[in-house]
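Hi,

Here is the model I promised to pass on.

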Amino acid sequence: FFFYEADYAICYRVVNGKTDIVLANDCDYKVAAGGACLAISDFKYESRTKTIQDITLTSGSRMTIESAASAAGIDLDKKHYKAATYPLLDNASPALRALIAVGTGCDTLPGGVSGIAVKGISNFLQGIADSSNAGATNTNTADTIGPTLGSRSNTDHRREDSSDVILDSAQKSNAASNTEEETTPSVTGDSRADRLLEWYVEMDAKKRSGAVLWTCAQALLYQPGNIVGTSPLLPPLYLHGPPPSPLPKYLQQYNSNPYAITKDEPETGVCPGNGICGKHLYLKEDGVVTCTSCKDVFCRHCIKDGNARENTMRKNNKEKLLPPNMCCTMCSSVRILASDQEHIDVGAMKEKLAELNCADNDLSPSEIMYLYETLVEKKTTDFYSADIESKVELPLLPAKSLEDGTLNPILTFDFEEGARVMRNEVLSIDQLIKLTDLFATMVKFESDPPRKLNRLAKVLPKIILDFADKSRADDGLRLMGRCIRHAMDSKTSPLIAARASIFEHNGEIGLLISHTMQPSFKDGRYDTKVAFRADK
């Protein structure tokens, strides 16, 4: 486990009583942590008086809101309280919450189950409750997943209304009396969740199996809650107890034991991925899409319709829509690199290279682009230009300064540690302010770029544009293009895998980033370093 999601690290603290309140408007917290989660979703700040005037609190449980209001001395009348139209998460087990998220659309199943909406789920669950109240036999009333999911931590204070609360004696007795009538083993550990899963399978126009939909729900249930930067040697922390064994192969990275046995159902394949996640497993039932440009096959999460934005505008203007143009992220970057000129897709580049006997089936899209601009477009730079020194402002220091201590390093950290480096006592208040400014500069974009940089400026921060422009004898467009290509190349390691040193030079704070890069047309990796300040 190298990469963790902040949502689950926060939720782990919430369900274990280490965090009282979350500042977020993301509903993921309510799904993962249930009634234990109380969140500030919005607030109004009065700049004149420098006070907070209004705070909006949200939760997946009405009782949690009532408890918070009581502690603050607020009367929950219509002015102060807006009840959920469909309070689906109240008294819902973790399994049921996860399936509700899957049905309506979430990170593990974007778009959700076709034909399913919140109102429909509410009506379906109400129908189950009505039939149960009318005397229908409920084979499993447990609001837990297995024996561990739902048992509350000793450190979990307050909120006995949590949906994870264990069964009372009457429920236990009822569940026990119906055990003999159980004919089909529960998939989820919750009878309502079982019924909802069956309904999804009936309703889904894409005809996905219950195994696929339940796997998507398990991906929400068993994502580890470790803090970013946690050593991969430490065991994963689970919100709802350890996952069942065996887990589907698709979720093998969620196992505490990387060599644990996994089950093959549902069937998986390997997607070539993109620069963000690289090669990864996908659920075959979820489908694949062929890139119209490079003709590679991707899972549907790694490809997008290049005409989607244009069609949105056409739909609003009641104009004829363009046919879908499904492109992978690498081929989408070609459109950006082409600027306002007519773009040439990777497939066409490969055909042109074949005419020159330079095409190879093993070439990556990034390598094809490199060969095309070198051999076909013949883009070169005149390095013997008379005024080259006046054009090239960077670098300010020779390369040896990266190694000889000229940059006066203060401390070294790994990017996977996240913002924890900001708490290091080695940094003075003044250095911390300058470091914050430097990080902000890394995500600052040009508001009014020159026409030739119009598209590039939308995806590359201003500091990268300046770096490329001032370190090349030409206009730096080739270097900007390579930045985008490397970002989209699945061979490229993300920045979170890099190490950095904070240094001080001429009174300014800078970063020295050490990383590895995959060279074109070669195996192995290059060790690379780059140093920069907020201004240079």
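What share of the contacts in the chain with a separation of 6 or more comes from residues 24 or more positions apart? They account for 56%, where contact means heavy atoms within 4.5 Å.

A word on ground rules. This is a predicted model, so local features need pLDDT of at least 70 and side-chain atom pairs count only at pLDDT 80 or more, while totals for chains, interfaces and linings use all residues. Residues are numbered from 1 along each chain as its sequence is written, and side-chain values use heavy atoms, with hydrogens and water left out.

**Overall**

The chain has 17 helices and 15 strands; these are DSSP runs numbered from the N terminus (helices are H or I with at least four residues, strands are E with at least two). Of its 536 residues, 39% count as buried. For burial, the cut-offs are under 20% relative accessible area for buried, over 50% for exposed, and partly exposed in between (1.4 Å probe, protein chains only).

On confidence, the mean pLDDT is 78, and 80% of the residues reach 70 or more; pLDDT is the predictor's confidence in each residue, from 0 to 100. Residues 135-177 have a pLDDT below 50, and beyond near neighbours in sequence this stretch has 95 contacts in the model.

**The cores**

The largest nonpolar core has 51 residues. By nonpolar core I mean a set of buried Ala, Val, Leu, Ile, Met, Phe, Trp, Tyr and Cys residues joined through side-chain atoms within 4.5 Å. Leu99, Ile100, Ile121, Leu125, Leu196 and Tyr200 have the most contacts inside this core. At least two of its residues come from each of helix 1 (6-15), helix 2 (28-33), helix 4 (94-104), helix 5 (118-133), helix 7 (191-203) and helix 8 (210-221). Helix 8 gives the largest share, eight residues. A second, separate core has 20 residues, including Cys271, Cys302, Leu353 and Leu371.

Helix 3 (residues 62-72) buries Thr64, Ile65, Ala68 and Ala69. Seen down the axis, these fall within an arc of 135 degrees, so they line one face of the helix; the arc is that of the directions from the helix axis to the C-beta atoms. Strand 2 and strand 3 are among what covers them. The face turned away carries the exposed Met63, Ser70 and Ala71. Just after the helix, Gly73 takes a positive phi of about 70 degrees.

Thr49 sits in the loop between strand 2 (38-46) and strand 3 (51-59), and counts as partly exposed because its relative accessibility is 35%. Its side chain makes a polar contact of 2.7 Å with the side chain of Thr51. (A polar contact is a pair of N or O atoms within 3.5 Å; within protein, one must be able to donate a hydrogen and the other to accept it, and residues adjacent in sequence count only if both atoms are side-chain atoms.) In that loop too is Lys50, which has a positive phi of about 55 degrees although it is not a glycine. Lys50 counts as exposed, at 65% relative accessibility.

**Asp286**

Asp286 lies in the loop between strand 7 (280-283) and strand 8 (288-290), yet counts as buried, at 13% relative accessibility. Its side chain makes polar contacts with the side chains of Arg208 (3.2 Å) and His301 (3.4 Å).

**Helix 14**

In helix 14, Gln431, Leu435, Leu438 and Thr441 are buried. They cover an arc of only 115 degrees around the axis, which puts them on the same side, while Ile429 and Ile433 are exposed on the other side. Their cover includes strand 12 (409-414), helix 16 (462-470), strand 13 (499-505), strand 14 (508-517) and strand 15 (526-533). Helix 16 has its own buried residues, Ile463, Leu465 and Ala468, and these pack against helix 14, helix 15 (456-459), helix 17 (477-488) and strand 15.

Cheers
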